[in-house]
Amino acid sequence: MMERWRPFAHLQVAREKYTDSSKYKGGKQAGQRQKAIAPSDDQPGEEDDEAYGDRSELIEDREYDTVASSAMHVTKQILNVQHVVIIQPFIKWGPRKSPTKPELLLQEAEALVRSLPRWNIELSMKVPVETLDKRQLFGSGKLEELKSIIQARQESGTPLTCVFISKGTLTYGQKQTLEQVFRLPVMDRYSVVVQILRLHAVSMEAKLQVALAELPYIWSQVKDQEGTSKGSGRIFLSDAQRQMLQLRERKLRNELDTIRSHRELLRNRRRQKNFPVVAVVGYTNAGKTSLIKALTEEQSLQPRDQLFATLDVTAHAGLLPCKLEVLYMDTVGFMADIPTGLIECFVATLEDAMLADVIVHVQDMAHENCAQQREHVERTLSKLMVRNGERTFSPERIINVGNKIDLVPDPESLTMKCIDGEQRLYLISSQTLVGVHELLLEVERRVLRVTGRQRIVIRVPMGGQEMAWLYKNAAVTESAADPNNAERLLVSVVITEAKLQQFRHLFIRNRG
């Protein structure tokens, strides 16, 4: 096995394409999880079949797959057995030292590998370094030590198939040096996360976003044949391969722009129907989908204990205690040490969160690194909002939720916990439903305040048009006979100021 290893040996290939659109015509799968107000809104119609066929050609492209496999070591055969060595480098001191303990960094790296079925961790270790910028990453002595450990493991146990260096992105020089020393393919966090995203991408939109997310990495590994550097790479592509990548990027961006326009259309429809939107955001595997299931009682939702389990934003209808119907948006999770270029490919998906009336930020209270995870999500969302000119990440719109308190040894110690001494942290368990009702009341309070709705009691004639109008245009909480007039009803409603003025114009002023 050692003798057969040749890094990037099969990069130059003949151009060959094939299309199997029967596998990918369904971008509809994501909609199966969605309990939508208007089920037809998010479903592509028959006229979209040609578009989905064209998009599937971008997913099924053998020439591209060969280039991607060479540059990233990602493969279509995701479910093949892999035997992995994990090395977590960490800076010992200085301004670039991570606030997160090396043990927790290693745990997250292990969780990434476990997210891939049949990927087995044979060996994992954390290694101190002075800087992450050295060509060989590690010092000469440490590199020789790691080489000996890996070789000994190769000879005594299961043959290893790759080394995962848990660093956001390795330069081509670092990767080449390490592969020559270890005699094994080397992957970084970018390429491992892409492999996970490929596995979990179900809808056509998610597949296209993942495909676009791969290209910045590939270009970073490529050096222009004429000497103009595209990055720090030394991979040489033929002119045909270069043109293929450029054309692929243009097509992917065009297709995603089309999908983005469709999302804007759906948002406009929701605005017309006047549904408040509550986005649920958080670090990957914080329990966002589980919380939405608890808030909506939607039994069809099946949360998974995996990183990046949700790649598509899906809308789920729920009722607030005041009987007002809202849409909860489930979103893709965040993770630290993931290059910005990878996250930016999901900006179109995250727009639904950035434009929501209220944002519920879910945090895993059972995780030792909870505080750093929260800060990472807030920083990332703030950057995305500023870059896209959206509303600010203001406290008024945010509800902080501490999830998984059933897994905390002493949940009582968290009872009075606050964030930055200002915002309350609502402690809940999506599994046992502890604290969920109190959270629902807070969601209701924020939604009413942010959307300008008010609770009032309106006296209407028994059996008149007013009652039917209120059921259609407001949230009717309850109705009862007027004790002072048997021909009247007292109707408790939640209504916007605009709709209230419309009601007065139709039924009160005209009556006078």
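**Entry 1: Tyr64**

I began with Tyr64, which is found in helix α3 (residues 62-72). For the labels, I noted that helices (H or I, at least four residues) and strands (E, at least two) are DSSP runs, numbered from the N terminus. This is a predicted model, where local features need pLDDT of at least 70, side-chain atom pairs count only at pLDDT 80 or more, and totals for chains, interfaces and linings use all residues. Residues are numbered from 1 along each chain as its sequence is written, and side-chain values use heavy atoms, with hydrogens and water left out.

Is Tyr64 buried or exposed? Tyr64 has 1% relative accessibility, so I wrote it down as buried. Buried means under 20% relative accessible area, exposed over 50%, and partly exposed in between (1.4 Å probe, protein chains only).

Next I looked up the contacts of Tyr64, where contact means heavy atoms within 4.5 Å. Leaving aside neighbours within four places in sequence, the partners of Tyr64 include Arg198, Glu214, Met244 and Arg248. Met244 is 180 residues away from Tyr64 in sequence, yet their C-alpha atoms are 7.7 Å apart in space. I also found the charged end of Arg248 over the ring of Tyr64, 3.6 Å from its centre. Such a charge counts if NZ of Lys or CZ of Arg is within 6 Å of the ring centre and within 35 degrees of the ring normal.

**Entry 2: aromatic pairs**

How many aromatic pairs does the structure hold? I found 4. Rings of Phe, Tyr and Trp (its six-membered ring) pair if their centres lie within 6.5 Å; planes under 30 degrees apart count as stacked, over 60 as edge-to-face and the rest as tilted.

I looked at Tyr190 and Tyr217: their ring centres are 5.1 Å apart and their planes are at 45°, so this pair is tilted. Tyr190 lies in helix α7 (residues 189-200) and Tyr217 in helix α8 (residues 204-220), so the pair ties together parts 27 residues apart in sequence. Both Tyr190 and Tyr217 are buried.

Trp469 and Phe507 form an edge-to-face pair, with 6.1 Å centre to centre and 75° between the planes. Because Trp469 lies in helix α15 (residues 465-473) and Phe507 in helix α16 (residues 497-509), this pair ties together parts 38 residues apart in sequence. Trp469 is buried at 13% relative accessible area, and Phe507 is buried at 12%. Ring pairs link Trp469, Phe503 and Phe507 into a cluster.

**Entry 3: helices**

Back to α8: 15 of its 17 residues are buried, so I noted that α8 is largely enclosed by the rest of the structure.

Then I checked how helix α5 (residues 140-156) meets helix α6 (residues 172-182): their axes come within 9 Å and cross at roughly 50°. Axes are lines fitted to C-alpha atoms, for helices over the stretch in contact, and angles run from 0 to 180 degrees between N-to-C directions. That makes α5 oblique to α6. Angles under 35 degrees count as roughly parallel, over 145 as roughly antiparallel, 65 to 115 as roughly perpendicular and the rest as oblique. Leu143, Leu146, Lys147 and Ile150 in α5 meet Leu178, Val181 and Phe182 in α6.

**Entry 4: whole chain**

I finished with the protein chain, which comes to 16 helices and 14 strands. Buried residues make up 52% of its 512 residues.
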